Amino acid sequence: MSQLIKAVRGMNDILPDQADLWEAFEDIARAWLRAYGYRPIRMPLVEATPLFSRAIGAVTDIVEKEMYSFEDALNGENLTLRPEGTASCVRAVLEHNLLYNAPQRLYYSGPMFRHERPQKGRYRQFHQIGVEALGFAGPDIDAEHIIMCQRLWDDLGLDDVRLELNSLGSPEERGRHRGALIAYLEGHADQLDDDARRRLHSNPLRILDSKNPALQSLIDTAPRLEDYIGAESRAHLDGVQGLLKDAGIPFKLNHRLVRGLDYYNLTVFEWITDRLGAQGTICAGGRYDGLVAQLGGKAAPACGFAMGIERLLLLWQECGEQAERPAPDLYLVHQGEAAQRLAFKVAERLRGDGFALILHCGDGSFKSQMKKADASGAQAALIIGDEEVQANAVTLKLLRTADGQPGEQRRVDVESLGEEIARTLYDLEDDDGSL
Ligand code: ATP
Ligand code: MG
């Protein structure tokens, strides 16, 4: 026997028990997105590499060391598995001129790829739901995004999620702060680590985001971006804060929150939990007014956020959520060739009536088939043998009685089967016989 081939490190299979939980989450998330008027968009998993270096910024963790980039063997084009969705989403919007005469509220969901060290809550293929609002300038939409996140946490029953908020100001304000920051850090060059030294002139703001404990006291006394923020930016932040207070959503202003990507301005926010250890950020976002023009479009304001589904589901389970295996309504057992033919006919008819039905496939005695029917979680078994074929009928046997006793069993004519099952299982009465 040849050796088994395993999945790529950091790229996980989501097996049925877990996948049931994913689908339950996705159902809730989709209803939630619709409730706010967001529409789906689906972009390819692969994009031209320059899209990400231009959008995310060349001097970022993602572009410097996390991207799966490769040369297309057929035409030499440099391609990348998407590490995030915002760049692709904006590219698609511009390519198809969706901002032509109306702003857009959009969402997407799917896998992202980053070459990171795999650990709990951090994988090389992970999944995000991303929400983007393009063409909106005011603090109202920033607040909408944060308020809608809170609603999702409530819908899921998540505990211990807190909100941190900051303003990155305008590019001009960031520029002035950057000058002061570089001067300060140059004055303490001997205390910097390699990463910080490399970023000193290319992306000094990111040094404030460093997780190296040796740098913390230096970072604590560094010039604060907050002190460089002008009246207009401050008014935007005040606008967001006012709406959050009205909505009763607590938050903490964290002036060191700078976010990993270059494209943000004004509002940035993160939702964090302490329940997942080091990978505690479940959702992050903010405003990125410069990105549309940076990708070649006519300037348009925008903001958005993305949540990490794996982290969210870890937390959901921490908060007690269990995957519930969806059970079929019916399990159909049968024996003999004529019975099988009738079984196929009956099964399709009942599925057409709206029932979820598992049709037994493969051999097996009635007894062993009934065991499978029971294990499937179905409400009732349908039984077809020679006698039923003769009578053009089906035996209906209830499997889940309240007192655990063997369920009622009776023969039902094929013609009235759907109606009879609906009445028996779900107390549904319908004069015209349909569900
Ligand atoms: P981190 O600081 O944890 O690396 P990030 O700032 O790189 O996060 P974003 O690019 O803002 O993350 O992505 C939004 C969300 O996607 C994160 O808050 C997180 O929930 C999730 N996420 C990011 N990278 C990963 C990963 N490698 N595995 C699982 N989830 C991830
Ligand atoms: Mg990261």
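Predicted model: local features only at pLDDT ≥ 70, side-chain atom pairs only at ≥ 80, totals over all residues.
Figure 1. The side chain of arginine 351 meets that of glutamate 348 in a salt bridge, with 2.8 Å from N to O. Both residues belong to helix α12 and sit 3 residues apart, about one turn of the helix. Glutamate 348 is also partly exposed, with a relative accessibility of 49%.

Figure 2. Glutamate 387 and arginine 411 meet through their side chains in a salt bridge of 3.0 Å, N to O. Glutamate 387 lies in helix α14 (residues 386-391) and arginine 411 in strand β16, so the pair ties together parts that are 24 residues apart in sequence. Glutamate 387 counts as exposed at 55% relative accessibility, whereas arginine 411, at 41%, counts as partly exposed.

**Figure 3. Further salt bridges.** The whole structure contains 30 salt bridges according to the search. One of these joins arginine 224 to glutamate 226, and the closest N and O atoms of the pair are 2.3 Å apart. Arginine 224 is partly exposed at 32% relative accessibility, and glutamate 226 is partly exposed at 30%. Elsewhere, salt bridges link Asp61, Glu64, Lys65, Asp195, Arg198, Arg199 and Arg206 in a network.

Figure 4. Strands β12 (residues 330-334) and β14 (residues 380-384) run parallel and are joined by 5 bridges. Leucine 330 has alanine 380 of β14 opposite to it.

**Figure 5. Isoleucine 384 and its surroundings.** Isoleucine 384 is part of strand β14. With a relative accessible area of 0%, isoleucine 384 is buried. Residues that isoleucine 384 touches, leaving aside those up to four places away in sequence, include Leu332, Val333, His334, Ala339, Leu342, Ala343, Val346, Phe366 and Val394. The C-alpha atom of isoleucine 384 is separated by 10.0 Å from that of arginine 341, and the two residues are 43 residues apart along the chain.

**Figure 6. Strand β7 and its partners.** Of the 7 residues in β7, 6 are buried, so the strand is mostly covered. β7 pairs with β9 in the antiparallel sense, over 7 bridges. Serine 167 has threonine 267 in β9 as its bridge partner. β7 is also joined to strand β8 (residues 252-253) by 2 bridges, and these two strands run parallel. Here glutamate 164 has lysine 252 in β8 as its bridge partner.

**Figure 7. Two non-glycine residues with positive phi.** Aspartate 160 is not a glycine, yet has a positive phi of about 60 degrees. Aspartate 160 lies in the loop between α5 (139-156) and β7 (161-167), and counts as partly exposed at 49% relative accessibility. Leucine 266, also not a glycine, has a positive phi of about 45 degrees. Leucine 266 belongs to strand β9 (residues 265-273), and counts as buried at 12% relative accessibility.

Figure 8. Glutamate 47 has threonine 80 in β4 as its bridge partner.

**Figure 9. A nonpolar patch on the surface.** Leu45, Val46 and Phe70 form this patch, and together they have about 220 Å² of accessible area. Phenylalanine 70 is placed in strand β3 (residues 68-71). With a relative accessible area of 37%, phenylalanine 70 is partly exposed.

Conventions:
Residues numbered from 1 in each chain as written. Chains lettered and ligands numbered in written order. Heavy atoms only, no water. Patch = residues over 30% accessible without salt bridge, like charges linked within 9 Å, V, L, I, M, F, W, Y side chains within 5 Å. Areas by Shrake-Rupley, 256 points an atom, 1.4 Å probe, with all protein chains shown as cover. Salt bridge = Lys/Arg side-chain N within 4 Å of Asp/Glu carboxyl O. Helix = DSSP H or I, 4+ residues; strand = E, 2+ residues; numbered from the N terminus. Buried < 20%, exposed > 50% of the residue type's maximum accessible area, 1.4 Å probe, protein only. Pairing = 2+ DSSP bridges. Contact = heavy atoms within 4.5 Å.
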